[in-house]
Amino acid sequence: RELYSNLRVQVIGGGSAEEHVRSAYPDSFIEYLGWIYESEELDRLLREATLVVSPFDMGLVAIDALRSGVPVLVPDNPRNGPEVEALTVSVNAVCFAKGDSSALADAVELWLSIAPMVSEEAYIHAREAALRIWSPKDVATKILEAIDAFP
């Protein structure tokens, strides 16, 4: 916050630790939005974001961020969903140690330092390639193939 006076954090979601987090971090620059189920509202928030972060594990939000063209800070958690494989480290993503706030802050700094060096062409290519693989049609086909593989 000291380095970036215009920092604004929007927390989407909730869970068992939500009240603890709210009481530990009551700062005015943090806005707790709760669960957002309306896809248009979620899309709008993602498009307006500078970075998308999940501090512990990442799933479909990785694809949502790619669709919105927003880079992702992704925790190095083996519980991450396979969607994380769609991200291209140092092009549209940076990894950090899960649950480590210092590592997360370092990941922000790293992204800000490498972002100017990522060409628009490389960013667009990585995004389009990932979204082709994770298109709803392809995902549905993979699900059906997996179901058909069961005896």
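Biologist: In what order do the elements of the chain run from the N terminus on?

Modeller: Helices (H or I, at least four residues) and strands (E, at least two) are DSSP runs, numbered from the N terminus. Here the order is β-α-β-α-β-α-β-β-α-α-α, which comes to 6 helices and 5 strands. Please note that this is a predicted model, in which local features need pLDDT of at least 70 and side-chain atom pairs count only at pLDDT 80 or more, while totals for chains, interfaces and linings use all residues. Residues are numbered from 1 along each chain as its sequence is written, and side-chain values use heavy atoms, leaving out hydrogens and water.

Biologist: How many residues has the chain, and what percentage of them count as buried?

Modeller: A residue is buried under 20% relative accessible area, exposed over 50% and partly exposed in between (1.4 Å probe, protein chains only). The chain has 151 residues, and 31% of them count as buried.

Biologist: Where does serine 54 lie, and is this residue buried or exposed?

Modeller: Serine 54 belongs to the loop between strand E3 (52-53) and helix H3 (61-68). Its relative accessible area is 14%, so serine 54 is buried.

Biologist: Which residues does serine 54 touch, not counting those up to four places away in sequence?

Modeller: A contact means heavy atoms within 4.5 Å. On that basis, serine 54 touches Leu73, Pro75 and Phe96.

Biologist: Which backbone oxygen lies 2.3 Å from a polar atom of the side chain of serine 54?

Modeller: That backbone oxygen belongs to aspartate 57.

Technical notes:
Polar contact = N/O pair within 3.5 Å; in protein donor to acceptor, adjacent residues only side chain to side chain.
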